[in-house]
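Please read this report with the sequence and the model side by side. It takes up helix packing, a metal site and some backbone details in turn.

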Amino acid sequence: MTRGARLVVLGKQGAGKGTQCVRLSHYLAVPHVSTGDMLRSAVKAGTEFGQLARAYMDRGELIPDDVVMGLVEERLAEPDASRGFLLDGFPRTTVQAKALDEMVKPNSLDLVLDLDVPTELVLKRLSSRRVCSTCGAIYSLEAPPKLNWTCDLCGGEVVQRPDDTEPAIRRRLDLYEESTAPLLKFYSDRNLLAVVDGVGTPDEVMERLIEVVEAAIRDKR
Ligand code: ADP
Ligand code: ZN
């Protein structure tokens, strides 16, 4: 029933996109396409491309549009994305949003979700965020892994992301306001935007997201 969903999730850094997208992609049975995760794998693999990407990421700067657009276009061309996808971290600029329109043609996106969380709260969440350096699972000082900063899922080391430091966090949030926030108007003008309150427990937020997605898909039929 929810097949074929082509969704984008927007929201500030620390709004909970990663956590919610992992769950929502299982629920909808579509791949979770996270540009941040793709870029971090490239960094970890130590390729030339990864080294280039890292220089931007550690400072909290955006990767150039054409580079990220190429990555996403390749990923969406894979067979598993033909039934739909959940995009996390892309688009982040108007140039990227226009490129995405072209990539999904002749279809359009089904829905764009904005996970809305006030800035004071994302600042708190980002400074206490910890991630598994192997599989990317997300933890925090308040919800640590069970055993001594060892990932519950894969046994990897749980660490602070190199861009979760104060100056990089500040830079990323500034870039969000400057480059990504205008996308809210871009998509609401196209009647695709649904704003979802991102304050609450992960389960509460998940319930709200499912409700909005189900309603949007129902309306489309
Ligand atoms: P966050 O949303 O917390 O910044 P992500 O994991 O989504 O975390 O992204 C991490 C970094 O990867 C960004 O700061 C940026 O350098 C790079 N990146 C990810 N997606 C994009 C994109 N669509 N355009 C440009 N850079 C990106
Ligand atoms: Zn792990």
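This is a predicted model: local features need pLDDT of at least 70, side-chain atom pairs count only at pLDDT 80 or more; totals for chains, interfaces and linings use all residues.

Residues are numbered from 1 along each chain as its sequence is written, chains are lettered from A and ligands numbered from 1 in the order in which they are written, and side-chain values use heavy atoms, with hydrogens and water left out.

**Helix packing**

Two packed helices are described by the angle between their axes and the distance between the axes. Axes are lines fitted to C-alpha atoms, for helices over the stretch in contact, and the angles run from 0 to 180 degrees between N-to-C directions. Helices (H or I, at least four residues) and strands (E, at least two) are DSSP runs, numbered from the N terminus.

| Helix pair | Angle | Distance between axes |
|---|---|---|
| H2 (residues 35-45) and H3 (residues 48-59) | about 120° | 7 Å |
| H2 and H4 (residues 65-76) | roughly 100° | within 11 Å |
| H1 and H9 (residues 202-220) | about 45° | 10 Å |

H2 and H3 are therefore oblique to each other, and H2 passes H3 in a left-handed crossing (left-handed if the near helix is turned anticlockwise from the far one by less than a right angle, right-handed if clockwise). In their contact, which means heavy atoms within 4.5 Å, Gly36, Leu39, Arg40, Ala42 and Val43 of H2 meet Phe49, Gly50, Ala53, Arg54 and Met57 of H3. The residues of this contact of H2 with H3 comprise six nonpolar, two polar and two charged, where Ala, Val, Leu, Ile, Met, Phe, Trp, Tyr, Cys and Pro count as nonpolar, Asp, Glu, Lys and Arg as charged, and the others, Gly among them, as polar.

H2 and H4, in turn, are therefore roughly perpendicular to each other. Here Thr35, Met38 and Leu39 from H2 meet Val68, Leu71, Val72 and Arg75 from H4, and the contact of H2 with H4 divides into five nonpolar residues, one polar and one charged.

**The zinc site**

Which residues hold the zinc ion (ligand 2) as its protein donors? They are Cys132, Cys135, Cys151 and Cys154, each through SG, at 2.3 to 2.4 Å from the ion; donors are N, O and S atoms within 2.8 Å of the metal (3.2 Å for Na, K and Ca), and water is not among the atoms, so sites may look incomplete. The site is tetrahedral, with angles of 98 to 117° among its four donor atoms, a term that requires all angles of four donors to lie between 85 and 135 degrees. Along the chain the donors follow the spacing C-x2-C-x15-C-x2-C. Cys135 lies in the loop between strands E5 (129-132) and E6 (138-140), and Cys151 in the loop between E6 and E7 (158-159), so this pair ties together parts that are 16 residues apart in sequence.

**Backbone details**

Most residues other than glycine have a negative phi, and most peptide bonds are trans. The peptide bond from Phe90 to Pro91, however, is cis, with omega near -5°, and Pro91 is placed in the loop between strand E3 (85-88) and helix H5 (94-104). Lys105 and Pro106 are also joined by a cis peptide bond, with omega about 5°, and Pro106 lies in the loop between H5 and strand E4 (111-116). Ala29, in the loop between helix H1 (17-28) and strand E2 (32-34), has a positive phi, near 55°.

Conventions
Angles under 35 degrees count as roughly parallel, over 145 as roughly antiparallel, 65 to 115 as roughly perpendicular and the rest as oblique. Four donors count as tetrahedral if all angles lie between 85 and 135 degrees; four count as square planar and six as octahedral if opposite donors are over 155 degrees apart and all others between 65 and 115; anything else is irregular.
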